[in-house]
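Subject: Structure handover

Hello,

Here is the structure for you to look through. Please open it alongside this note.

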Amino acid sequence: MTPASQYLIQLAQQITQPYTNLPTLKAAMITGSAAKGLADQYSDIDMTMYYTDQLPEEEELAAIRTGLGGSERRWVIGDRSAGSFAEAYGLHGIEIQIGHTLVEKWEETIAFVHSAEEVDTTAQKAMEGALACQTLYGEAYIDQWKAQIAQFPPELGRAMVEKNLQFFAIWGLEPHFRTRDATIWYHQILVETAQRLVAVLAGLNHLYFTTFQFKRQGRFIEQMKLKPDNFAARLNTLFSAERAVVLPELEALVAETIALVETHMPDVDTSKAKARLGWRQESWEMVA
């Protein structure tokens, strides 16, 4: 654990203390880079407070911020009336981001993610964060949620694979890019394809994944038992090498990922994804 992580966790513990005086607070956690032990001196503090019955009043939250010596709010997102919102304020030069959520709302979110109704929901980031969190208050609640989230539903993994097993065959357009001014589109396709590759592999490996603020990709990929050889380094190559190298490598990564799906999820239909492997756009000639 980095010294910055230790410092931020200790500060989060101090910040949590006045919130524990709120009668409806049941649990609190710190997530993000600090909880994972990876924070540096540019990191912020990500925390979530969980309440029963009702969220604290605005006056109560303002009093706590003032008592801590925090700044005025920098931003607020979410819908208090729906049972969950987040705020941010400054303290000792650090941005303190705190989510305030009803226990019932949080448990509904866990159930929604596990239902696989919407596999690209950003709520998957909350699942991944909770698994790696450090408990600040309400250990029994946090342990219960961690155990529940750790039971990754196989049907969610399959849905993630099926949703993302579709790749634009950019590898067949290499001559096209020699004469087109399409730099942004080219890189957009690279990003989207890389995200789909990671999503498919996350589904195969039963890992929560969302493209929203996807950071620490090397660490994430290290958790995967099923992946193409040297996947992390090859993924990075897509954004640093020349196009003549990138496009064949991208096609190879897609082919190897499809092969992994066929081996480990043989009931998933890969025919459409495989159909574009080996495809190349042909030129044509004008006929008199």
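Below is what was found, from the whole chain down to single residues.

**Overall**

This is a predicted model. The chain has 13 helices and six strands. Its C-alpha atoms fill a box of roughly 85 × 40 × 40 Å along the principal axes. Of the 288 residues, 46% are buried. Take the contacts with a separation of 6 or more: 65% of them join residues 24 or more positions apart.

H12 covers residues 243-264. At 1.5 Å a residue, its 22 residues should span 32 Å. The end C-alpha atoms are 31 Å apart, so the two figures agree.

Which residues of H12 are buried? The list is Val 246, Leu 247, Glu 249, Leu 250, Glu 251, Leu 253, Val 254, Thr 257, Ile 258, Leu 260 and Val 261. Note that Glu 249 and Glu 251 are among them. The cover over these buried residues includes four helices: H7 (154-164), H9 (183-204), H11 (231-237) and H13 (271-275).

The axes of H9 and H12 come within 11 Å and cross at roughly 25 degrees. Angles under 35 degrees count as roughly parallel, so H9 and H12 are roughly parallel to each other. Their crossing is left-handed. On the H9 side, the contact is made by Tyr 186, Leu 190, Thr 193, Leu 197, Val 200, Leu 201 and Leu 204. On the H12 side, the residues include Arg 243, Val 246, Leu 250, Thr 257 and His 264.

H6 runs over residues 139-150. Its 12 residues should span 16 Å at 1.5 Å a residue. The end C-alpha atoms are 16 Å apart, which agrees.

Ile 142, Trp 145 and Ile 149 are buried in H6. Seen down the helix axis, the buried residues fall within an arc of 65 degrees, so they line one face of H6. Glu 139 and Ala 140, on the other side, are exposed. What covers the buried residues of H6 includes both strands and helices. The strands are S1 (25-31), S2 (45-51) and S6 (134-137). The helices are H4 (103-115) and H5 (123-131).

How do H5 and H6 pack, and at what angle? Their axes are 9 Å apart, at an angle of about 120 degrees. That makes H5 oblique to H6. The crossing of H5 and H6 is left-handed. H5 brings Met 127, Ala 130 and Leu 131 to the contact, and H6 brings Lys 146, Ile 149 and Ala 150.

Thr 31 lies in strand S1. Is Thr 31 buried or exposed? Its relative accessible area is 16%, so Thr 31 is buried; the cut-off is under 20%. Leaving aside neighbours within four places in sequence, Thr 31 contacts Asp 46, Gly 129, Ala 130 and Cys 133.

Pro 23 sits in the loop between helix H1 (3-19) and S1. Pro 23 has 69% relative accessibility, so it counts as exposed. Pro 23 and Gln 54 are 31 residues apart in sequence. In space, their C-alpha atoms are 9.8 Å apart.

Best wishes

Key
Residues are numbered from 1 along each chain as its sequence is written. This is a predicted model: local features need pLDDT of at least 70, side-chain atom pairs count only at pLDDT 80 or more; totals for chains, interfaces and linings use all residues. Side-chain values use heavy atoms; hydrogens and water are left out. Helices (H or I, at least four residues) and strands (E, at least two) are DSSP runs, numbered from the N terminus. The expected span of a helix is 1.5 Å times one less than its number of residues. Buried means under 20% relative accessible area, exposed over 50%, partly exposed in between (1.4 Å probe, protein chains only). Contact means heavy atoms within 4.5 Å. The arc is that of the directions from the helix axis to the C-beta atoms. Axes are lines fitted to C-alpha atoms, for helices over the stretch in contact, and angles run from 0 to 180 degrees between N-to-C directions. Angles under 35 degrees count as roughly parallel, over 145 as roughly antiparallel, 65 to 115 as roughly perpendicular and the rest as oblique. A crossing is left-handed if the near helix is turned anticlockwise from the far one by less than a right angle, and right-handed if clockwise.
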